[in-house]
Structures are given as structure tokens and as C-alpha cells.
Amino acid sequence: MSDSLETEFQAAAVTALNNLSKSLPNTTKIDIYSFFKQATKGDVTGARPRIISSSIARAMMYDGWKKLEGMSKEESKKKYIDLVKSLE
């Protein structure tokens, strides 16, 4: 992985945290979360959270990350960067 990709990824993470609107649609927030987790952790592990009223968001986040299973960390970083840039 190139240092420039890592630098660009870190910059996008700061942008996502500090500058993106908190009123983004939930689906977009889940995409941001999922690409970030896949880029930093790899494939999702553990069981899917049960869906009860207090954990619906966690189940949705798990599902979003699970959809990216098999995607390389490098590809996930690129998609994360592209998504954050498209939202600025």
C-alpha cells in the first residue's frame, strides 16, 4: 500500500469526522462506516447483532460492513476517500 493512499485516507477520515454534515442520510453514514471498517479491520467478524429496538442501528452497520466482505483494505480506502470527497 502506498504512503500517499494512507495519507489521503487519514485526511478523508479527519474530513468525515469534522466537516461532513451530521444530517447525512443514514444509508450514507452506514456506507462511510462500512468502508472505514473494511479499510481498517478487514472483513467483519462476530455475530450479527439481534434486531431489537435499541440495536437496529448496530445491525444496519453490521450489514453494511458485511456487504463489503472480501474487498481489500486498499480498495476500501479508495472507495472511502471517493465517497468522502463526493460529500464535501
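Lysine 78 is partly exposed in this predicted model, with a relative accessible area of 37%. Its salt-bridge partner is glutamate 74, and the closest N and O atoms of the two side chains lie 3.7 Å apart. Glutamate 74 is likewise partly exposed, at a relative accessible area of 34%. Both residues belong to helix H4, and because they are four residues apart there, about one helical turn separates them.

Helix H4 holds another pair of this kind. Lysine 79 forms a salt bridge with glutamate 75, with 3.7 Å between the closest N and O atoms. Lysine 79 and glutamate 75 are also four residues apart in helix H4, so about one helical turn lies between them. The relative accessible area is 34% for lysine 79, which therefore counts as partly exposed. Glutamate 75 is partly exposed too, with a value of 32%.

Side chains of opposite charge can pair when their charged atoms come close. A search of the whole structure finds six salt bridges. One of the six joins lysine 77 to glutamate 6, with the closest N and O atoms 2.3 Å apart. Glutamate 6, by contrast, is partly exposed, with a relative accessible area of 26%.

Lysine 77 and lysine 79 also take part in the packing of helix H4 against helix H2. The axes of H2 and H4 come within 8 Å and cross at roughly 150°. Angles over 145 degrees count as roughly antiparallel, so H2 is roughly antiparallel to H4. The crossing of H2 past H4 is left-handed. On the H2 side, the contact is made by Thr28, Asp31, Ile32, Phe35, Phe36, Gln38, Ala39, Thr40 and Lys41. On the H4 side, these residues meet Lys73, Ser76, Lys77, Lys79, Tyr80, Leu83 and Leu87. Sorted by class, the contact of H2 with H4 contains seven nonpolar, four polar and five charged residues.

Two residues of this contact can be followed individually. Serine 76, in helix H4, has a relative accessibility of 0% and therefore counts as buried. Apart from its neighbours within four places in sequence, serine 76 is in contact with Phe35, Gln38, Ala39 and Met71. Phe35, Gln38 and Ala39 are among the H2 residues that meet H4. Threonine 28 lies in helix H2 and, at 16% relative accessibility, also counts as buried, because the limit for that class is under 20%. When residues up to four places away in sequence are not counted, threonine 28 touches Leu83 and Leu87. Leu83 and Leu87 are both among the H4 residues that meet H2. Threonine 28 can also be placed relative to valine 84: the two are 56 residues apart in sequence, but their C-alpha atoms are 9.9 Å apart in space.

Helix H2 packs against helix H3 as well. H2 (residues 26-41) and H3 (residues 56-66) meet at an angle of about 55°, with their axes 8 Å apart. The two helices are therefore oblique to each other, and their crossing is right-handed. From H2, the residues in this contact are Ile30, Tyr33, Ser34, Lys37, Gln38 and Lys41. From H3, they are Met60, Met61, Gly64 and Trp65. By class, the residues of the contact of H2 with H3 divide into five nonpolar, three polar and two charged.

Setting aside its neighbours within four places in sequence, serine 34 is in contact with Met61, Gly64, Trp65 and Leu68.

Technical notes:
Residues numbered from 1 in each chain as written. Predicted model: local features only at pLDDT ≥ 70, side-chain atom pairs only at ≥ 80, totals over all residues. Heavy atoms only, no water. Axes fitted to C-alpha atoms, helices over the stretch in contact; angles between N-to-C directions. Parallel < 35°, antiparallel > 145°, perpendicular 65-115°, else oblique. Left-handed = near helix turned anticlockwise from the far one by under 90°. Contact = heavy atoms within 4.5 Å. Nonpolar A, V, L, I, M, F, W, Y, C, P; charged D, E, K, R; others polar. Salt bridge = Lys/Arg side-chain N within 4 Å of Asp/Glu carboxyl O. Buried < 20%, exposed > 50% of the residue type's maximum accessible area, 1.4 Å probe, protein only.
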